[in-house]
Amino acid sequence: RCQIIKFLNLPKDTIKTFLRTSYNIDEDALEWYTHVSNGSIGEAVKLMNANMFNKNETLINNLFNLKARDNFKISKEIQDGIANEENSFEEKRSYLKTILNLILNYYRDLLLYKTEAVEKSYYFNSKHEDLIKAQSNLISIETIIKIIDHIFVAFDNLESNANTNLLLENLLTRLAVTSRR
């Protein structure tokens with residue numbers, strides 16, 4: 001027999017204090033890891049060990065300037081981040097899920113900005129408000145929703161053990177083509 005125990009998310013201040021005392025990271029990264037970890041110290045540490053703050057910075061700039069012809073280059077950059085012979089298949093999938101979540105967070109922020117639904121503090125990428133504002137002025141709410149649907153399809157394909165190279169290349173191409181209409 002088993003029993004399910006649900007742990008509540010930790011307050012952001014608790015995570016921030018832990019990261020500040022245990023690691024030497026700058027304030028922007030500290031804020032980002034605290035926000036993106038969704039109340040989990042383990043998730044914050046995992047993201048930090050994978051240097052996801054810096055990878056997210058690069059990813060946002062790539063998404064902002066995304067063109068269909070860039071899909072192979074950006075996909076290769078992402079794949080290089082998981083191309084380690086020591087990583088198991090599950091670790092590689094977990095890393096790719098994290099990348100897909102970062103992409104989803106960016107388009108979520110665009111949608112929130114476009115709909116003026118919440119204040120800036122709720123954005124995952126509040127540091128990039130200028131890019132979010134510029135991008136949201138270029139695409140419609142319907143387009144953002146289509147892009148988010150493409151990301152969810154990529155999640156489903158990843159769960160179905162699709163080829164990760166093709167999955168990324170196809171997703172990035174769809175994002176570029178959809179956002180330029």
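**Asparagine 62**

I started with asparagine 62, which counts as buried because its relative accessibility is 16% (buried means under 20% relative accessible area, exposed over 50%, partly exposed in between, with a 1.4 Å probe and protein chains only). I am reading a predicted model, where local features need pLDDT of at least 70, side-chain atom pairs count only at pLDDT 80 or more, and totals for chains, interfaces and linings use all residues. Residues are numbered from 1 along each chain as its sequence is written, and side-chain values use heavy atoms, with hydrogens and water left out.

I placed asparagine 62 in helix H4 (helices are DSSP runs of H or I with at least four residues, strands runs of E with at least two, numbered from the N terminus). Leaving aside residues up to four places away in sequence, I found that asparagine 62 touches Lys73, Ile74 and Glu77 (contact means heavy atoms within 4.5 Å).

**H4 against H6**

Next I looked up how H4 packs. Two packed helices are described by the angle between their axes and the distance between the axes. For H4 (residues 52-64) and H6 (residues 89-115), the axes come within 10 Å and cross at roughly 55° (axes are lines fitted to C-alpha atoms, for helices over the stretch in contact, and angles run from 0 to 180 degrees between N-to-C directions). H4 and H6 are therefore oblique to each other (under 35 degrees counts as roughly parallel, over 145 as roughly antiparallel, 65 to 115 as roughly perpendicular and the rest as oblique). On the H4 side the contact includes Met52, Leu59 and Phe64; on the H6 side I listed Tyr95, Ile99 and Tyr106 among the residues involved.

**The buried side of H1**

Which residues of helix H1 are buried? I found Ile15, Lys16 and Leu19 in H1 (residues 12-22). Seen down the axis of H1, these buried residues fall within an arc of 100°, so they line one face of the helix (the arc is that of the directions from the helix axis to the C-beta atoms). The face turned away from that buried side carries exposed Asp13 and Thr21. I saw H2 and H3 among what covers the buried residues of H1.

**Aromatic pairs**

My search of the whole structure gave six aromatic pairs (rings of Phe, Tyr and Trp, the last by its six-membered ring, pair if their centres lie within 6.5 Å; planes under 30 degrees apart count as stacked, over 60 as edge-to-face and the rest as tilted). One of them joins tryptophan 32 and tyrosine 33, edge-to-face at 5.3 Å centre to centre with 75° between the planes. Both tryptophan 32 and tyrosine 33 are buried, and Trp32, Tyr33 and Phe53 form one aromatic cluster.

I also noted phenylalanine 152 and phenylalanine 155: their ring centres are 6.4 Å apart and their planes at 35°, so the pair is tilted. Both lie in helix H8, three residues apart, about one turn of the helix. Phenylalanine 152 is partly exposed at 41% relative accessible area, whereas phenylalanine 155 is buried at 17%.

**Two asparagines with positive phi**

Most residues other than glycine have a negative phi. I found asparagine 38 with phi near 55°, in the loop between H2 (27-36) and H3 (41-49). Asparagine 38 is partly exposed, with a relative accessible area of 49%. Asparagine 161 has phi near 65° and lies in the loop between H8 (141-159) and H9 (164-179).
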